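Here is a short report on one protein model. Read it alongside the sequence and the 3D view.

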Amino acid sequence: MKELSVNHLLGIKYINKHDIDLIFETADHFKEVINRPIKKVPSLRDITIANIFFENSTRTKLSFELAQKRLSADVISFSAAQSSVKKGETLIDTVNNILAMKVDMVVMRHSDAGAAHFLSKNVSASIINAGDGAHEHPTQALLDSYSIREKLGDVAGKKVVIVGDILHSRVALSNIFALQMQGAEVRVCGPKTLIPKYIESLGVKVESNLRKALEWCDIANMLRVQNERLDFSYFPNTREYSQQFGLTKEILDSLDKEIVVMHPGPINRGVEITSDVADSQQSVILDQVENGVAVRMAVTYLLASKIK
């Protein structure tokens with residue numbers, strides 16, 4: 001059996017193109033499984049997985065839990081907001097207590113960049129990074145690329161613009177790494193204050209005008225304005241943001257081609273995109289959600305097969 005080159009999924013920058021291809025081939029198989037009347041396979045009956053979320057997350061957590069249950073794994077979920085972490089327990093203490101219960105794999109979201117990497121060096125379980133600070137969110141980037149491949153046949157040669165808060169976005173960084181690895185061209189678009197200084201060193205061009213960015217691209221990935229991460233005002237107000245960088249049906253219809261619209265969710269309707277764009281034929285937002293389960297099944301299954 002072909003296997004991944006890594007024992008953990010800490011970020012896209014630690015994997016290679018063969019890993020991505022293998023994950024997508026495996027996800028194709030699991031996508032067929034989750035569309036059957038019986039949506040479960042017994043693949044991971046002997047594996048126990050702990051989902052540890054130190055930051056709130058509904059969509060990612062539900063997607064991982066569903067993926068794990070579809071594979072018949074035993075699942076324990078832990079929300080740090082309601083836990084003894086608040087009593088001063090360290091990350092290592094928390095995880096070691098959970099591993100003492102004989103857990104094989106940990107899916108973790110944490111507000112500190114590098115937390116998943118730190119954990120992988122200090123515990124014996126396989127780690128999947130479900131988002132660490134403004135660093136990486138590898139499974140989101142994988143499901144985004146998988147959705148592009150499904151819609152347009154291939155990622156190679158495609159032009160993708162990522163619009164919005166690039167500075168605080170782990171989704172943007174993971175997407176840039178994944179898309180470039182597969183041969184796509186990437187640009188970013190958003191308020192100057194939300195574009196990191198180093199972005200051009202990653203081989204990414206900056207386009208400050210949304211209209212020009214849309215005329216150039218095949219796919220527009222519209223990021224959520226992350227109000228909870230904005231410690232001071234990076235743009236005057238939401239209304240001004242949506243006027244400059246919000247995608248409306250009017251703009252979409254005025255382009256001389258059809259582009260694919262993506263969004264990692266949850267959507268601020270009327271800010272990054274209007275409802276009629278989110279619900280249009282060009283939007284693959286709900287496909288991304290469905291593909292998220294198949295891709296997370298694939299990642300979990302492939303990493304579990306390396307657990308000795």
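Two strands pair if DSSP finds at least two bridges between them. Strand E8 (residues 219–222) and E9 pass that test, with three bridges in the parallel sense. The model is predicted.

## The five-strand sheet

E8 and E9 belong to an open sheet of five strands. The order is E7-E6-E5-E8-E9, and the pairing is parallel. Strand E7 (205–206) and strand E9 (260–262) stand at the edges. Each has a single partner strand, so one side of each is left without a neighbour in the sheet.

Ile219 stands opposite Val260 in E9.

## Strands E3 and E4

Strand E3 (residues 105–110) and E4 run parallel, joined by five bridges. Val106 stands opposite Ile127 in E4. From E3 the chain passes through helix H4 (residues 115–122) to reach E4. This β-α-β crossover is right-handed.

Strand E4 (residues 126–132) is mostly covered. Seven of its seven residues are buried.

## Helix H1

Helix H1 covers residues 17–34, which is 18 residues. At 1.5 Å a residue, the helix should span 26 Å. Its end C-alpha atoms are 25 Å apart, which agrees. Asn16 caps the N-terminal end of H1. One of its side-chain oxygens lies 3.0 Å from the backbone nitrogen of His18.

The buried residues of H1 are Asp19, Ile20, Leu22, Ile23, Phe24, Thr26, Ala27, Phe30, Lys31, Val33 and Ile34. What covers them includes helix H2 (59–70), helix H5 (138–152), helix H6 (170–181) and helix H11 (285–304).

## Helix H2 and Gln68

H2 has twelve residues and should span 16 Å at 1.5 Å a residue. Its end C-alpha atoms are 16 Å apart, which agrees. The buried residues in H2 include Thr60, Lys61, Ser63, Phe64, Glu65, Ala67, Gln68 and Arg70. Just after the helix, Ser72 takes a positive phi of about 70°.

Gln68 sits in helix H2. Its relative accessible area is 0%, so Gln68 counts as buried. Leaving aside neighbours within four places in sequence, Gln68 is in contact with Ile49, Asn51, Ala73, Val75 and Val107.

Ala294 is in helix H11. Its relative accessibility is 0%, so Ala294 counts as buried. Which residues does Ala294 contact, leaving aside its neighbours within four places in sequence? They are Ala27, Phe30, Lys31 and Ile34. These four are listed among the buried residues of H1. Ala294 and Val33 are 261 residues apart in sequence, yet 8.7 Å apart in space, C-alpha to C-alpha.

Thr300 is also found in helix H11. With a relative accessible area of 1%, Thr300 is buried. Leaving aside neighbours within four places in sequence, Thr300 is in contact with Leu44, Ile49, Leu71, Met105 and Ile128. Ile49 is also a contact of Gln68.

## Gln180 in helix H6

Gln180 lies in helix H6. Is Gln180 buried or partly exposed? Its relative accessible area is 29%, so Gln180 is partly exposed.

Leaving aside neighbours within four places in sequence, Gln180 is in contact with Val186, Leu202, Gly203 and Val204. The side chain of Gln180 makes two of the polar approaches here. The backbone oxygen of Leu202 is reached at 2.9 Å. The backbone oxygen of Gly203 is reached at 3.5 Å. Gln180 and Gly203 are 23 residues apart along the chain, and their C-alpha atoms are separated by 8.8 Å.

## Cysteines

How many disulfides does the structure hold? The count is zero. Cys189 is in no disulfide, and the nearest cysteine sulfur is that of Cys217, 9.6 Å away. The cut-off for a disulfide is within 2.5 Å.

Both side chains can be checked for burial. Cys189 has 0% relative accessibility, so Cys189 counts as buried. Cys217 is buried too, with a relative accessible area of 0%.

Definitions and conventions:
Residues are numbered from 1 along each chain as its sequence is written. This is a predicted model: local features need pLDDT of at least 70, side-chain atom pairs count only at pLDDT 80 or more; totals for chains, interfaces and linings use all residues. Side-chain values use heavy atoms; hydrogens and water are left out. Buried means under 20% relative accessible area, exposed over 50%, partly exposed in between (1.4 Å probe, protein chains only). Helices (H or I, at least four residues) and strands (E, at least two) are DSSP runs, numbered from the N terminus. The expected span of a helix is 1.5 Å times one less than its number of residues. Contact means heavy atoms within 4.5 Å. A polar contact is a pair of N or O atoms within 3.5 Å; within protein, one must be able to donate a hydrogen and the other to accept it, and residues adjacent in sequence count only if both atoms are side-chain atoms. A crossover is right-handed if, with the strands pointing away from the viewer, the path from the first strand over the helix to the second runs clockwise.
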